[in-house]
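Student: I would like to go through the ligand sites of this model with you. Could we start with the terms?

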Amino acid sequence: MNPILVFCEQRDGHLKKAGLEALGEGCRLAGKGGREVIAVLIGSSVDSLAADLAAHGASRILLMEDEVLDHYSPELYTSGLAEAATRVRPVAVLMGATAMGKDLAAKLAARLESALLQDCVALEIEPNGTLVGTRLLYGGKLRAIVRATHPISQVATLRPNVFSPLEPRAVSGVPVERLSVRLDRTRPMTRVREVRGAAEDKRELTEAPIIVAGGRGLRGPEHFKLLEELAKALGAAVGASRAAVDAGWKPHASQVGLTGKTVSPQLYIACGISGAIQHQAGMSSARVIVAINNNPNAPIFNLATYGIVGDLFEVVPLLTEEVKRLKQEDRK
Amino acid sequence: MKLIVCVKQVPATESMLAVRPDGTDIERSGLTFIVNPYDEFAVEEALRIRERIGTGEVTVVTLRSHAAQKPEAALRTCLAMGADRAVLLSDPAFEDGDSFTTALALAAALRRLSFDLLLFGKQAVDDDEGAVGVQVAELLGIPHVAVVNRLEVDAKARNLVAHRQIEGGIEVVEAPLPVLVTCQKGLNEPRYPSLPGIMKAKQKPLEVLACHTLGLAPDTLGAAGAKLRVVRLELPPPRPPGRLIPGDAETQAKELVRLLHEKEKLI
Ligand SMILES: Cc1cc2nc3c(=O)[nH]c(=O)nc-3n(C[C@H](O)[C@H](O)[C@H](O)COP(=O)(O)OP(=O)(O)OC[C@H]3O[C@@H](n4cnc5c(N)ncnc54)[C@H](O)[C@@H]3O)c2cc1C
Ligand SMILES: Nc1ncnc2c1ncn2[C@@H]1O[C@H](COP(=O)(O)O)[C@@H](O)[C@H]1O
């Protein structure tokens, strides 16, 4: 039976949650057909992460280490993963739909001339190995059920925060194989000069379990402080509508929506955001949506699990206080 | 400098969509179509590079992906913005494919056109895949930088430096020409077509390329060659109805936190 290969992304020696989620989903799919789940780890000095992958369900680990693999390189990572695929002939290659994952998956699928199921929110496998995925189209206005035409090295990326990693278990004896990749360094390729962290918004939106987002209703950049305080109390990231970004109140990396980021947090709190269709495109798959808006007719209320019709300048600080109080009580 | 921009025509983003009874496509009649917003950033960037260097040619290319699609309008919009040439890939063999077959046909056309820099959108806002650009680069055997919100091209040194958006930051990437870039919001503010531009665009010819002129086998393309098929399209399940929390601000805040804590187990 052909195995399932899972590319487990790491950056700076830290495994990405999206990769562990893909591994968890790989295990779930494999369990149905008794397939092996092989994790692939690429980077420089990342061998210490192998144990974590074993704990999260990998039954075998392929390790590719080289100094030049320190930063993501579409060319080298694709060669590495394609080599792994040639070696183990997987029925499917899974990874998280992150900036790296979506890039790598598209290139790999073109190299292997196989199906690409990008940014899936659900995934199934037929007995012969064919992948059937659910994807959101048209900014989430429609869902598509898509099916690969050949059950060979199908490449799928999984939307972050939608699938669950397995609970880590203590395991031993999971084999780690080093794969030496012929890295053709003479081919023209891109090179990462540096990686710059975003100055503000340390918490990445697409990975955050909770997001507090603000729109034009905030009236100015200085008032985002209110949201940051609530976010801090909740352990949340701060997002923004396009109106707030275009006004220069927040950087584009904070924008949620059609021309910003697509997020699927457990909780999305929209403050002073009307809920335009293009904003919904980025957040409608959040599990719980809270809307705080002083206009009871704002479209955001059609989406909201809980709505507060009120002045955000009054409500948000009260919320922050209440959350802090609750957390303090919990600690006691 | 030869710059080529691949653009896709998509339904306007505020469109209300309905699924056709057979479930495999949307109802296209009555919709307004636009140039994919990310592709507008790509066209704008190409025009700015040409303007900065002072010479060069900007060609826009589109592939008709459905029989009912009329992407000529999208090409005219790009010509009106200032593009020099427009190429339409049109053949029943190209239609109803997936990202791979689209990339295969585009790559074949691009090989014939010759280029120094290819610009694509980060993703088409209809299928939301973000794949075609990356796959074209792979098929052409050239490097790519995806999701770029800042670009500096050095025409003399024949290389570029691009800022690519990643989680929690940016990657500063350099690459030699020829190279393919996919464009993200933030790169620029696309111009509106000018009235003289629109008049001039009407007179410009569209070059049409068919499957046989590209020397491609029809059975590798479109629906016949697709590696992925849409089984059906459907409306997402409606969100369960929400509720408004009554009372004054203090009551509302207390009640919301209680619900998020006790019922939703989120805090
Ligand atoms: C091609 C295209 C792409 C787009 N992409 C995006 C995208 O990616 N993301 C995005 O967000 N938008 C996007 N838009 C823009 C979108 O259409 C809306 O214009 C935008 O989302 C509006 O932002 P907003 O809700 O902050 O502002 P508004 O629509 O102005 O809403 C502000 C809200 O704040 C409320 N408010 C005001 N004061 C208070 C107060 N004191 N307390 C509580 N509430 C208050 C108001 O009632 C109002 O509902 C796009 C548009 C197009 C055409
Ligand atoms: N039919 C097409 N014709 C020309 N370019 C396209 C076509 N489809 C996709 N593209 C380009 O590829 C990008 C990514 O599209 P996608 O992978 O479909 O999200 C778009 O922004 C366009 O630049």
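Tutor: Helices (H or I, at least four residues) and strands (E, at least two) are DSSP runs, numbered from the N terminus. A residue is near a molecule if one of its heavy atoms lies within 4 Å of it. This is a predicted model, in which local features need pLDDT of at least 70 and side-chain atom pairs count only at pLDDT 80 or more, while totals for chains, interfaces and linings use all residues. Residues are numbered from 1 along each chain as its sequence is written, chains are lettered from A and ligands numbered from 1 in the order in which they are written, and side-chain values use heavy atoms, with hydrogens and water left out.

Student: Which element gives the most to the shell around ligand 2?

Tutor: Strand S4 of chain B does, with 3 residues.

Student: And which residues come nearest to ligand 2?

Tutor: Of the 19 residues around ligand 2, the nearest include B:Cys6, B:Asp39 and B:Ala124. By class, that shell has 9 nonpolar, 6 polar and 4 charged residues; Ala, Val, Leu, Ile, Met, Phe, Trp, Tyr, Cys and Pro count as nonpolar, Asp, Glu, Lys and Arg as charged, and the others, Gly among them, as polar.

Student: How far is the backbone of B:Gly121 from an oxygen atom of ligand 2?

Tutor: A backbone N or O atom of B:Gly121 lies 2.9 Å from that oxygen atom. The protein covers 99% of the 480 Å² of accessible area that ligand 2 has on its own (Shrake-Rupley method, 1.4 Å probe).

Student: Turning to ligand 1, why is its site shared between chains?

Tutor: The site is shared because residues from chains A and B surround ligand 1. The shell around ligand 1 has 8 nonpolar, 16 polar and 3 charged residues.

Student: Which side chains lie by its oxygen atoms?

Tutor: Among them is A:Arg216, with an N or O atom 2.7 Å from an oxygen atom of ligand 1. A polar side-chain atom of A:Ser241 lies 2.5 Å from an oxygen atom of ligand 1. Taken alone, ligand 1 exposes 980 Å², and the protein buries 79% of that.

Student: One more residue: is B:Ser99 buried or exposed?

Tutor: B:Ser99 counts as buried, because its relative accessibility is 5% (buried means under 20% relative accessible area, exposed over 50%, partly exposed in between; 1.4 Å probe, protein chains only). B:Ser99 is found in helix H3 of chain B, residues 99–113.

Conventions
A polar contact is a pair of N or O atoms within 3.5 Å; within protein, one must be able to donate a hydrogen and the other to accept it, and residues adjacent in sequence count only if both atoms are side-chain atoms.
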